[in-house]
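Welcome! Try each task before reading its solution.

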Amino acid sequence: MASVTIKNVWKYYGETPAVKDLNIFCPDGSFVSILGPSGCGKSSTMRMLAGLEHISAGDILFDDQRINDLAPKDRDVAMVFENYALYPHKSVFDNIANPLRLRKINETVVKERVTAAATLLEIAHLLNRRPHELSGGQKQRVAIGRAIVREPKLFLFDEPIAHLDAKLRAHMRGEIKHLQRTLGTTMIYVTHDQLEALSMADYIAVMHDGELQQWGTPSEIFNKPVNAWVAGFVGEPAMNFLTCSVTSRGDDVVLRHRNFEIPLLAGQVSQINGSSQGGAVRMGVRPDALSISMERPDDAAIQGEIFVNELLGGDMLVDVSLEDCRVRVKTSPEFAGKPGEPCYLTVNRQKWHVFDSQDGHAYF
Amino acid sequence: MASRDVVSYETPFTRIARYASIVFVVLYLVWTLLPFLVMFMSSFKDLLEAFKLPAVGDWSGIGIFFEFTPTLKHYRSLFVDNSFATYIANSLIAAGGSAVISVIFGSLAAYSLSRVDFRGKQDLFFWIISTRMAPVVAVMVPLYSIFRSLDLVGTLPGLILAYTTFNLPFAIWILKGFFDNVPFAIEEAQMVDGATRFQAFRSILPLVAPGIGAFVVLCILFAWNDFLFAAIIGSGGAKTLPVATRELVQPQNIQWGAIMAAGVVTTLPMMALGLVIRKYLVTGLTMGAVKE
């Protein structure tokens, strides 16, 4: 077990920077997820941690040891690859035993530990099979088995469950989280799926264009995004954005849109600071922070027209057309509105966000 | 890569085509197998019997061909009067030695060309295969001169070196394709698991085994069947089977029986090799080309 410090790390491919001045500290024993769309530099970061890519600039430390110049084999990390990377010509047993055998560990111990790992992952009955005789989920368990069998300092998981079907993925999320809690080993888990990151990680590092956007707990990332990009990337269905202007109306400061004028809460006025008065901002509100009704409610409401309803079992998503844009609302399946009918939206102002229209940083 | 049943429907044309293809296959079999049959039979015949042939068009007289008293005297003459055992050993050492050396250096070079990016890689690779483009005859004289000044003419190491010169580019070319099809992630997993780069390279060798197998066969066939190098560079001390067979043709006496027996002795090991790795060879030659 070890803590991981990534200090001012850059990665260049030729002239193109893939990772820009990255700073992350993963506490010992934590489950850290690096989240971002493809091409954001998350895999490069992981490969630098594993030693499969050189670090262009900066340092990576495991505890206090600088590991920049260590070969992968000397870093004592275990990695699970997106495509499993099992050895096709070896049995499941030999696959899992491989890291131990490379370390010349006594064969009786190897047998013991492989069996223990296989039992933990419920693949003990598959030990004599070859990888091509396994299903995707089983292959993935073998790959995890190969990682956990030797109790490394650090686990690196590179989108390990991206290729599984949705149901199995949901199941494996729980399994991997439980496994990490049981073993207590520091884990860095790269994914593009925000649901995986939110559901499993202790801390999430959101990356975009090679830069760290935000570091925080899943709830911080979800509830207090630092900029519009993070707010839009995290959360499913995605956050609604509306371009508004900030203006004064009597004693209130309001967000004005073509369709509506909604006053800010008292505390929010100070956060938005005077300079943006009169300027354009982007209002962000998640579908579940909006409520929809067919009658006009008393307080400030947004008027729109139902565009389409999507029933998702336990929830219903309603797309509402405002004059020039569309917003999504999450409501209960009992909602009776039909497409084309007028409706009214109320914003939960405790849960809305205002972002700068230029650089996208969050005022709140 | 499994072949699939293709639905086909009978038309007059396909019926004719089917019969035509059967006729073609039969003719092709006769064309390819008859020389071997004649060679094999003649090697067990006395010279007089061997030349007893029915007249052209006399199909009833074909029995004459099979009427003979088997004799091993031609084989005796090869192994007792001549030292064909030595020539077989020379052929085996030259072909096997060059195959082993080519596989070792070829797989190392192919792996590097497949995995490592460096400046001028494409040019280097082209240069390596371009060495195969010059006809052997064109380089024979300079090569002979070089080999003579190194005292390699007439020695087995010289012959092995000559074959390797021509087999190695071929090995690199074939094996690079096979390495290209092995996912990087497998070696990377090995290295993270605790392997050195060289151990990681060794660990993926089983995945290119079909390529290595195919190459070894082609390499051995090239050396085994070669006459030119063997006659010029190997002449004297490193006489191989084709050269020794050629020497059975003497100005005053062509030893047909012994030549037939030498042909059998030369052919059988390669046939055996082909049978043993037939399956390997076919998958090997196609597997590199098809991405899974």
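The expected span of a helix is 1.5 Å times one less than its number of residues. Helices (H or I, at least four residues) and strands (E, at least two) are DSSP runs, numbered from the N terminus. Keep in mind that this is a predicted model, in which local features need pLDDT of at least 70, side-chain atom pairs count only at pLDDT 80 or more, and totals for chains, interfaces and linings use all residues. Residues are numbered from 1 along each chain as its sequence is written, while chains are lettered from A and ligands numbered from 1 in the order in which they are written.

**Exercise 1. A bent helix**

Solution: 
- Step 1. After α6(B) comes B:D151, with a positive phi near 60°.

**Exercise 2. Another helix of chain B**

Task: Work out how far helix α7 of chain B reaches and where its kink lies.

Solution: 
- Step 1. Helix α7 (residues 156-180) of chain B has 25 residues and reaches 34 Å from its first C-alpha to its last, close to the expected 36 Å.
- Step 2. In α7(B), a kink of about 35° lies at B:T165, shortly before the proline B:P169.

**Exercise 3. The two domains of chain B**

Task: Describe how domain 1 of chain B touches domain 2 of chain B.

Solution: 
- Step 1. The bounds, from an automatic or database domain assignment, are 12-72 for domain 1 of chain B and 82-287 for domain 2.
- Step 2. Taken over C-alpha atoms, the centres of these domains of chain B are separated by 34 Å.
- Step 3. Two residues are in contact if their C-beta atoms, placed from the backbone, lie within 7 Å. Six residues of domain 1 of chain B are in contact with six of domain 2.
- Step 4. On the domain 1 side, α1(B) gives the most, with three residues.

**Exercise 4. Where the chains meet**

Task: How many residues of chain B are in contact with chain A, and which helix of chain B gives the largest share?

Solution: 
- Step 1. Contacts link 14 residues of chain B with 18 residues of chain A.
- Step 2. Helix α8 (residues 184-193) of chain B gives the largest share of chain B's side, seven residues.
- Step 3. That side of chain B has nine nonpolar, three polar and two charged residues. Here Ala, Val, Leu, Ile, Met, Phe, Trp, Tyr, Cys and Pro count as nonpolar, Asp, Glu, Lys and Arg as charged, and the others, Gly among them, as polar.

**Exercise 5. Chain by chain**

Task: Describe the helices, strands and burial of chain A and chain B.

Solution: 
- Step 1. Chain A has nine helices and 20 strands, and 40% of its 364 residues are buried.
- Step 2. Chain B has 14 helices and two strands, and 30% of its 292 residues count as buried.

Conventions. A residue is buried if 20 or more other C-beta atoms lie within 10 Å of its own, exposed if 12 or fewer, and partly exposed in between; C-beta atoms are placed from the backbone. The bend at a residue is the angle between axes fitted to the seven residues ending there and the seven starting there.
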